[in-house]
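Biologist: I am new to this structure and would like to know what stands behind the words used for it. Could we go through them one at a time?

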Amino acid sequence: MISRLLMSVSQNEIERTSERTKVGLAGAIKSGHIPHVAPLGYKHEDKRLVIDYATKDIVVRIFDLYYNGYSYQKISNLFNEEKVLEKDNWRDSTIQTILENEIYKGDFVHGKRTKHPTYYEDVVESIISKEMWSDCQVQKKKNSRSFQRTLTYLYLQKLKCPKCNRILGGKATTKKSGKSYFYYYCNDCKIEFKEKIINDYFNQFISELVEYDSVVNQFFLPMIKQKFDEPKEQLEKEIKEQNNKLERIKKAYINGVFELKEYNEEKKIVENAISELENKLETTDCTEELKFTPKDILLKRDIDFINKIKLDKEYQAKTKTWKDYTRQEQAELIMKYIDDIELSLVGNEVVVNQINFRESICKPCQELYDNGYIDTTKPMILGNVLGSVRFSNYLPEEEVGEIIMRLRQYYDVHYTEAIYYVDKQMFYFNFAEDNSAIVRVFPLEDYYKLDPDNKMETYRFGILYINEEDKFQMKEIDTAFDYIPDESNDSVIYTKEPTPISVGVKPVKFYEEETEETN
């Protein structure tokens, strides 16, 4: 009896100790104390897992390469060729482990290999957004070797059978002329249709998607994001730490801890890390000096729209449109933006119901639109002609004034106002000239808040337009495409009327050369 009592007490104490340990461990994990070796891109600092800015960009690059279609093996081969981190033993399994690790989106899974793992959210600072991490998990099927083909299928993994909901396969026929025709099919349901059906639907808005991608994602968002991803103070701290590490290596060599060969290898790794950090610091300084803002996105899109009208020949020569993309580039853009495409059967014909965009793309775009910093195209009857008008959301008058002022540094942009009749869904314009072209329409008040139930009879809208005789006002035509007016220029006063000015500009394509080298 005594033996059984002692065993019972002992077992009870073990369970209590185990429970206390679990609670303590959970608390430690939630505060950033991760009980594991720091993965690439992180390091332990005061027992907490923090970002290692010397290796963080390697992780970002791995996710970016995979997101853009590289396989595990292709990434590891590339890293071995480049000797990233002075290593030539990168393996596809290493890349896979990194891509599947939740820690990079800020989360941690304890006991992942057990039957009952515990998931902790937002326990460390993330290197990759949750959307990007999820998107890369979606990529697994597309990047697997079984899907590698000699021909590029634009919508592979995006289409499901309208009958059985299985992912459709792709095939192609090539004529003697060398032209290939692409099809998608379901073996089980005996459904087959031409890729042209999807293209015809997709082409309705592809030009807008290309414009959005070129303006927002290629130029501005990376620059705006750079300020947050590479904080100057943190980079300076990392450089100081790496310099201290270099001093420690030198002392260790002097004291005989290292051989000359080992010393040179370690020294080279640290010096490369310092060089990378210094380059990032210099880039961050340039970015802060340029001060790109969301307003610049709207301004750039306005200028591009006017360029298309006033400098059509130069615009066509300088602007890459959808038809100029290779099939591989088209497929990459579709993979980047499109989540899936919903199909249905009308009789025996396959039709497109809708295209679902990825949340990671839609969300920032919607936020820009809601805040008035990006436009959308809406159909409109102009006289007896069906056309379209660029429409943007409400912005405070001082911000609208700044944009008009900056536009007038390049073009003689005119301003007027219009009345919108809510019941009739009709605008009343009163242009002074008949040969004017509308640049953009925008509400002068925030009617989403003022009139959520559409009970007001009329809304007031601002109209930006140009006349046929209005010409580009700069000497160098290239300025219209490679620069935007600098908001720091105060030689123009906003009066809603054209004013003679002198122009200060800042480059739009700040990272273009670097991007081309990277790609």
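Modeller: What follows is a set of questions about terms, each answered with a value and a cut-off.

Biologist: What kind of model is this, and how are its residues numbered?

Modeller: The model is predicted; local features need pLDDT of at least 70 and side-chain atom pairs count only at pLDDT 80 or more, while totals for chains, interfaces and linings use all residues. Residues are numbered from 1 along each chain as its sequence is written, and side-chain values use heavy atoms, with hydrogens and water left out.

Biologist: How many helices and strands are there, and what makes a run of residues count as one?

Modeller: The protein has 17 helices and 17 strands.

Biologist: What share of the protein is buried, and what does buried mean?

Modeller: Of the 519 residues, 39% are buried. Buried means under 20% relative accessible area, exposed means over 50%, and partly exposed lies in between (1.4 Å probe, protein chains only). Helix α3 (residues 72–82) has Tyr72, Ile75, Ser76, Leu78, Phe79 and Asn80 buried.

Biologist: Which residues form a nonpolar patch on the surface, and what makes it a patch?

Modeller: Met1, Ile2, Leu5 and Leu6 form it, with about 490 Å² of accessible area together. Patches are made of residues with over 30% relative accessible area and no salt bridge; nonpolar side chains (Val, Leu, Ile, Met, Phe, Trp, Tyr) are joined within 5 Å, like charges within 9 Å. Leu6, in helix α1 (residues 2–30), has 58% relative accessibility and therefore counts as exposed.

Biologist: Why is the patch of Glu259, Glu262, Glu265 and Glu266 called negative?

Modeller: Asp and Glu count as negative, Lys and Arg as positive, and His and the chain ends are not counted, so the four residues Glu259, Glu262, Glu265 and Glu266 give a negative patch. The place of each charge is taken as CD of Glu, CG of Asp, NZ of Lys or CZ of Arg. Glu262 lies in helix α9 (residues 260–290) and is partly exposed at 39%.

Biologist: What makes Glu241 and Lys43 a salt bridge?

Modeller: A salt bridge is a side-chain nitrogen of Lys or Arg within 4 Å of a carboxyl oxygen of Asp or Glu. The closest N and O atoms of Glu241 and Lys43 are 2.6 Å apart, so the pair qualifies. Glu241 is in helix α8 (residues 232–254) and Lys43 in strand β1 (residues 42–45), so the bridge ties together parts 198 residues apart in sequence. Glu241 is partly exposed at 28%, whereas Lys43 is buried at 17%. The structure holds 24 salt bridges.

Biologist: Where do Lys300 and Asp304 lie, and are they buried or exposed?

Modeller: Both are in helix α10 (residues 294–310), four residues apart, about one turn of the helix. An α-helix has 3.6 residues a turn, so residues three or four places apart point the same way. The side chains of Lys300 and Asp304 meet in a salt bridge at 3.0 Å, N to O. Lys300 is buried with a relative accessible area of 4%, and Asp304 is buried at 15%.

Biologist: How do you know that Glu417 and Arg460 form a salt bridge?

Modeller: Their closest N and O atoms are 3.5 Å apart, so the pair meets the cut-off. Glu417 is in strand β12 (residues 414–421) and Arg460 in strand β15, 43 residues apart, and the pair links distant parts of the chain. Glu417 is partly exposed at 36%, as is Arg460 at 35%.

Biologist: What is noted about the phi of Asn165?

Modeller: Asn165 has a positive phi of about 70 degrees although it is not a glycine. Most residues other than glycine have a negative phi. Asn165 sits in the loop between α5 (130–143) and β5 (169–174) and counts as exposed at 51% relative accessibility.

Notes. Areas by Shrake-Rupley, 256 points an atom, 1.4 Å probe, with all protein chains shown as cover. Helix = DSSP H or I, 4+ residues; strand = E, 2+ residues; numbered from the N terminus.
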